[in-house]
Amino acid sequence: MSKTRFRSDAGLTRRMGAVSLGLVALYLAFGAVLITVMPNAAMAAVIVVALAWGQWYFSDKLALASMRARVVTPEQAPELHGMIDRLCALADMPKPTVAIADTDLPNAFATGRSPSHSAVCVTTGILRRLDAEELEGVLSHELAHVANRDVSVMTVASSLGLLAGFLIRWFPFMGNSRDRNNNGALMFLVVWIASIVAYFISFLLTRALSRYRELSADRSGAYLTGKPSALASALTKITGDMGRIPSKDLRQVENMSAFFFATPAFSRDSLAGLMSSHPPVEKRLEQLARISADLGRPL
């Protein structure tokens, strides 16, 4: 965790270290398979290295582009910038790029490879629904992700899953008939199976970190502002409204769901609840209630 006034979290640090080691091993194994079976091993190696570097270096720009978000200046969004300025000063951390995504989906997310190269994005939907204190609670949560550096680990984990998913879907159709009549069929089969394994493992790695990091950011944000009730109110509003967003709109941003502040509320016993990237909203609210009691400010 970077040196800020956000509370440190040893549990998050341990999980990030374990997931990072798992990602390195998975990248090396996946790259080795591609290099071994593809006709041009050098080109395969370049592709693997370029993908890893590109996803890390351009993570903030890629995430904003996927949401069609626009970077806004203090003149264009003075209240939003003012709120982030105050929180960054309170947390003693660099100010991230500020962006707004024009969608009714009420949410927010943080992305970037480091606190000095990061971005925080809110949607027009969340700006319409939350009051100033609630929005401040959400922004403190997102800034905690930046300070904790967990967004960079999640970005790399998710990018490998996206590559593997792409290969699972399209690699069988990339060869020509001559390739299939010779050794091409075996090459396609090996890469396809390796992609399935890489996708499954990257999914497990992201889930191992994702739920804990959301609880950690809730804790850090609530203690920083001293207003856990505002964060709890925002969480209740957003999860409730997310359930009313059309399914087609949710599918359009599915690749960003692990980065969002909140997802639709699922039963913890349902399949969707078990597979969710976020902990049950009840668990998050229970934690915020305990923090409120600790601060002497009951919800």
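Which side chain makes a polar contact with the side chain of Asp-241?

Modeller: This is a predicted model. The partner is Arg-129: its side chain and that of Asp-241 make a polar contact at 2.8 Å. Asp-241 sits in helix H10, which covers residues 228-242. Its relative accessibility is 18%, so Asp-241 counts as buried, the cut-off being under 20%.

Ile-238 belongs to the largest nonpolar core, a set of 74 residues. Within that core, Ile-238 is among those that touch the most other members, along with Phe-6, Leu-80, Met-93, Phe-109, Val-138 and Leu-139. Helix H9, residues 184-225, gives the most to this core: 9 residues. In soluble globular proteins, nonpolar side chains tend to be buried together.

Next, helix H1. H1 runs over residues 10-37, 28 residues in total. Its C-alpha span, first to last, is 41 Å, close to the 40 Å expected. Asp-9 caps its N-terminal end, with a side-chain oxygen 3.0 Å from the backbone nitrogen of Gly-11. Gly-11 is itself buried. Other buried residues of H1 include Leu-12, Met-16, Tyr-27, Phe-30 and Leu-34.

Key. Residues numbered from 1 in each chain as written. Predicted model: local features only at pLDDT ≥ 70, side-chain atom pairs only at ≥ 80, totals over all residues. Heavy atoms only, no water. Helix = DSSP H or I, 4+ residues; strand = E, 2+ residues; numbered from the N terminus. Expected span 1.5 Å × (residues − 1). Buried < 20%, exposed > 50% of the residue type's maximum accessible area, 1.4 Å probe, protein only. Polar contact = N/O pair within 3.5 Å; in protein donor to acceptor, adjacent residues only side chain to side chain. Core = buried A, V, L, I, M, F, W, Y, C linked by side-chain atoms within 4.5 Å.
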